[in-house]
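Here is a friendly walk through a ligand site and a domain interface. Please keep the viewer open as you read.

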Amino acid sequence: MKTLTEPAPPPAPTGSAEVVLTLEHIAKSFGDNHVLQDFSLNLHRGENVVVLGKSGSGKSVLVKCIIGLLKADSGRITVLGQDVGTLGHEAMDQLRAKLGFLFQSNALYDSMTVRENLLFPLRRQWLADRRGQEKEMVQQALEDVGLGDTAEKMPAELSGGQRKRIALARTLILRPEIILYDEPTTGLDPITAREISGLIREVQQKYQTAAFVISHDMDSVRLVADRVALLADGRCYAQGTYAELAKHEDPRVHAFFI
Ligand SMILES: Nc1ncnc2c1ncn2[C@@H]1O[C@H](COP(=O)(O)OP(=O)(O)O)[C@@H](O)[C@H]1O
Ligand SMILES: [Mg+2]
């Protein structure tokens, strides 16, 4: 029961309360390996939420359930108002077009130039209202990631950080409403990692995109997160701002911040 003396809930970090992604009681097992057990979390429009967890805790499994690469055993995932569990192939494809993913591996095509890599999602998605503007769209996406002069290069000519930027540009070109980042800074040197974290913030501010970021790089978590959710024991074990979790009394939470 609410009382008048109870403090008001904190406002959504972005000033908008619209929820774009809801995870309710998600469970996913592989045989006896109960990876996700009862995971619940939501994401607001324009908000960056970072899911933090140890290696093997189920972070990538969670992302794969959201984009439909894996099917949760139980629970409900709602993306932009649509219950992912009830969608057929075609509806799921249309929904995926509003989501951007940045995989840990970048998943660039090595035999294609940067321009061809960026054109690829445009060929797959029917962007009827933007036909004929492909060249400008590629250029804009490259400039958004600070690599405006790389269109004719091959991925192998670029550094790890540049390839990560190109993979982000390929995601941005479809103007997603939500971007899912799986460990965007893993494998990068600390300075490049910090640049990528800065870029994730820039994208959020420029396009008001919501981001669901998986990470265990605490420097990146601090720079990127409006809100942090800790995945442990298959659940959302704790959540709050970086500062709130950093002074959390539970040693399992605190352990990430030392
Ligand atoms: N397709 C799969 N088949 C069987 N086990 C899997 C599969 N995908 C992930 N797992 C298991 O789920 C657990 C969580 O994996 P993952 O989500 O990749 O962890 P992380 O938090 O490091 O991203 C691991 O024990 C992994 O072995
Ligand atoms: Mg992973």
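In this predicted model, a backbone N or O atom of Val-61 sits 2.9 Å from an oxygen atom of ligand 1.

| Residue (backbone atom) | Distance to an oxygen atom of ligand 1 |
|---|---|
| Val-61 | 2.9 Å |

How much of ligand 1 does the protein bury? Taken alone, the ligand exposes 560 Å², and the protein buries 60% of that area.

Two elements, β2 (33-44) and α1 (59-66), each give two or more residues to the shell around ligand 1. The largest share comes from α1, with three residues. Among the residues that surround the ligand are Phe-30, Asn-33, Val-35, Lys-54 and Lys-59. By class, the shell holds three nonpolar, six polar and two charged residues.

Now to the domains. The domain assignment gives domain 1 as 19-98 + 179-257, and domain 2 as 113-175. Their centres, taken over C-alpha atoms, are 25 Å apart. At the interface, 14 residues of domain 1 are in contact with 13 residues of domain 2. Between them the two domains bury about 1,100 Å², with 64% of it on carbon and sulfur atoms. Which three residues supply more than any others of the area that domain 1 buries against domain 2? They are Ala-97, Leu-199 and Tyr-207, which supply 40% of that area.

Definitions and conventions:
Residues numbered from 1 in each chain as written. Chains lettered and ligands numbered in written order. Predicted model: local features only at pLDDT ≥ 70, side-chain atom pairs only at ≥ 80, totals over all residues. Heavy atoms only, no water. Near = heavy atom within 4 Å. Polar contact = N/O pair within 3.5 Å; in protein donor to acceptor, adjacent residues only side chain to side chain. Areas by Shrake-Rupley, 256 points an atom, 1.4 Å probe, with all protein chains shown as cover. Helix = DSSP H or I, 4+ residues; strand = E, 2+ residues; numbered from the N terminus. Nonpolar A, V, L, I, M, F, W, Y, C, P; charged D, E, K, R; others polar. Domains from an automatic or database assignment. Contact = heavy atoms within 4.5 Å. Buried area = accessible area lost by both parts, 1.4 Å probe.
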